[in-house]
Structures are given as structure tokens and as C-alpha cells.
Amino acid sequence: MVKVLFATCASLPAGDGDDDAVIDALAEVGVSATWSVWGSDEAADLVVLRSTWDYPDRLGEFLSWCSSVPALANPAVVVPWNTDKSYMVDLAAGVPVVPTLVVSPGFSDWPDGEFVVKPTVGAGSRGALRVAAGDRSTASAHLDSLAGPALVQPYQSAVDSAGETALVFFGGQYSHAFTKGAMLTPDAEVDDSGLYVVERLSGASPTAAQRRVAEDALDAAAHLLDLHRAELLYARVDLVAGHDGAPLLLELELVEPSLGFRQTDAAAPLRFASAVRAALSAR
Ligand SMILES: Nc1ncnc2c1ncn2[C@@H]1O[C@H](COP(=O)(O)OP(=O)(O)O)[C@@H](O)[C@H]1O
Ligand SMILES: [Mg+2]
């Protein structure tokens, strides 16, 4: 039987539950998928990055392991680019993105209005802080605590009412979408693993404008990485509404996104399984 590993982290040895249906769907089409904590040299026909959410504290180790894996999805070339949220600046040339400044420790020219300071390398909302207009001392103290480069963005207040919309693609083709409630709120709770803030998710039907921006974001990323979109086994495009209501890219997740299988139709895991089969047959 063809063997696939789903890479995770030690504190979530079988993922967070969202991928369970995919494992079953893969078994039905002749692919044995099992969980494996990233960092091992266990052999497989394909290693799929899934819940590797402890990498922000061990980035060098993670990148070198990714480049050592013979067959990785997404491809290893994606990982250094996409684990550093500075990619937002690269995408801004052709895609409407949340205005993003990349700053270094010591930066103090804080924007007017409410804004967010978050690490360039981060996952699960950890290290992201919402700063009230004018609260420069809190922003500076947070930047010092991150001890590295950070992103500064205006807080997109539409998130408070509409959340963000995540559009999921398999093998470069649209699959489904879901919404995620605002994360930087006073009632935010961290999961028992300590690796992510608990999310409030539900299924969604994206608007035409959201689909268009998501398609453009994926094309732009594939172009920058010199890949064909079909080589991206999975992608999640997170959008928020800007001040005028038009969608803006908040994040393009090509490394370890939750894919919202529990928030969508029962055929989504079958589509993912088929994309895995396509990735295997391309090798
Ligand atoms: N500019 C922003 N405006 C509003 N909310 C934001 C902004 N940046 C981040 N957030 C909130 O923080 C969460 C985490 O930030 P994000 O950039 O998605 O990083 P990650 O999911 O990788 O931790 C988002 O899901 C969103 O709720
Ligand atoms: Mg996010």
C-alpha cells in the first residue's frame, strides 16, 4: 500500500481531529496515511505537513528537516517563504492585501488608529497583539518581547462582525470555505496544547469578490515560487473585509493550515484524498 505521513508536533500526536476524515478517505483509495511527529526520518511516498504548529520556536530545525524530506507537500521551496509573513509585502504588488509593514526591534513610528503587532513567524494567533490607538508603550513593549522582526497592520475592524473567510484549495482548485471569528478578543482562550488560540469556525459560501482575490493570491504565490498551482496540494487563503467592504488578504497559508473539514461538506475529504493521489502519481 502507498504510504503517506501526516506531519504533526509532539503535543498533538494525532493532529487536532480535523484531518480524521481525510485519513479514512485516503484508506478507501489505497493510501495508508499515518501521523508522524516532524523531525523523524521515517520513510514514506509522501510527507504532508499538517499540524506542525510548534515550529515557530524551532524554525531553523523545521526548515532543515523540510528540505531533507524526499517528497514533501507542500513542496519544500514553499516553506521558507510562507513561514515568514513578510511574504505579504511580496504579494502586495498584485493582490489587495491588508496594509503591512515589516519592522525590526526598536521600531517606534507606530501608526494612528488601532493596529496589530505580530511576529513574522507565528501560528495559531500566538504573539499577535491588538493595540489601541495611541498606546505606543504597549506596542513597543510587545515588539521588544517578540525579540525579532514583526508585522504591523491596521486592525481590520470588520473582523469583529464578519470574522475572516478562509477559502481552501486542493491541487490548485477551489474546494470549500469557512469563516473564523475574530481572534484578538478579550475572551480568547489558548488550547490545552498551548499552541493555538481556540477558533470559532463555521461553513461559508464565499462571494464572487472573495473568490476572485483568492484565485489571484494563489496565482501570485505560484508565480513567485516558480511553481504550477497544481503543485500546491493544499492552500488556504484567509480574507477580511477592508473599510470599503472589499476583500483583503490577511494570510496565505501554504504550510500547516487547518482545512475546516468539520465545517464543510462530506465530500471535501474525498477531494483532498484525490489531490493526494494526484500528487503521488506526479512523482
Ligand atoms: N490586521 C488585523 N486585523 C484584524 N485582526 C487581525 C489582524 N491581524 C491578525 N488578526 C487576528 O489575529 C489572528 C491571527 O493572525 P494571523 O495573521 O492570521 O496569524 P496566524 O493565524 O498565523 O497566527 C487572525 O485570525 C485575526 O483574527
Ligand atoms: Mg491566521
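I began with Glu-164 and ligand 1: an N or O atom in the Glu-164 side chain lies 2.4 Å from an oxygen atom of the ligand. I count a polar contact as a pair of N or O atoms within 3.5 Å. The protein covers 98% of the 530 Å² of accessible area that ligand 1 has on its own; such areas come from the Shrake-Rupley method with a 1.4 Å probe.

I noted that this is a predicted model, where local features need pLDDT of at least 70, side-chain atom pairs need pLDDT 80 or more, and totals for chains, interfaces and linings use all residues. Residues are numbered from 1 along each chain as written, chains are lettered from A and ligands numbered from 1 in written order, and side-chain values use heavy atoms, without hydrogens and water.

A polar side-chain atom of Lys-118 is 2.6 Å from an oxygen atom of ligand 1. For Gly-122, a polar backbone atom is 3.4 Å from a ligand oxygen.

Then I turned to the shell. Ligand 1 has 18 residues around it, each with a heavy atom within 4 Å. Lys-85 and Ser-125 are among those that come nearest. I listed the strands (DSSP runs of E, at least two residues, numbered from the N terminus). β7 (115-119), β9 (150-154) and β14 (247-253) each supply at least two shell residues.

Where does ligand 1 lie relative to domain 2 and domain 3? It lies between them, because domain 2 (87-96 + 157-263) and domain 3 (101-154) both give residues to its shell. The domain bounds come from an automatic or database assignment.

Last, I checked Ser-125 again. Its phi is near 70 degrees, a positive value in a residue other than glycine. Ser-125 sits in the loop between β7 and β8 (129-131).

Technical notes
A polar contact is a pair of N or O atoms within 3.5 Å; within protein, one must be able to donate a hydrogen and the other to accept it, and residues adjacent in sequence count only if both atoms are side-chain atoms. Helices (H or I, at least four residues) and strands (E, at least two) are DSSP runs, numbered from the N terminus.
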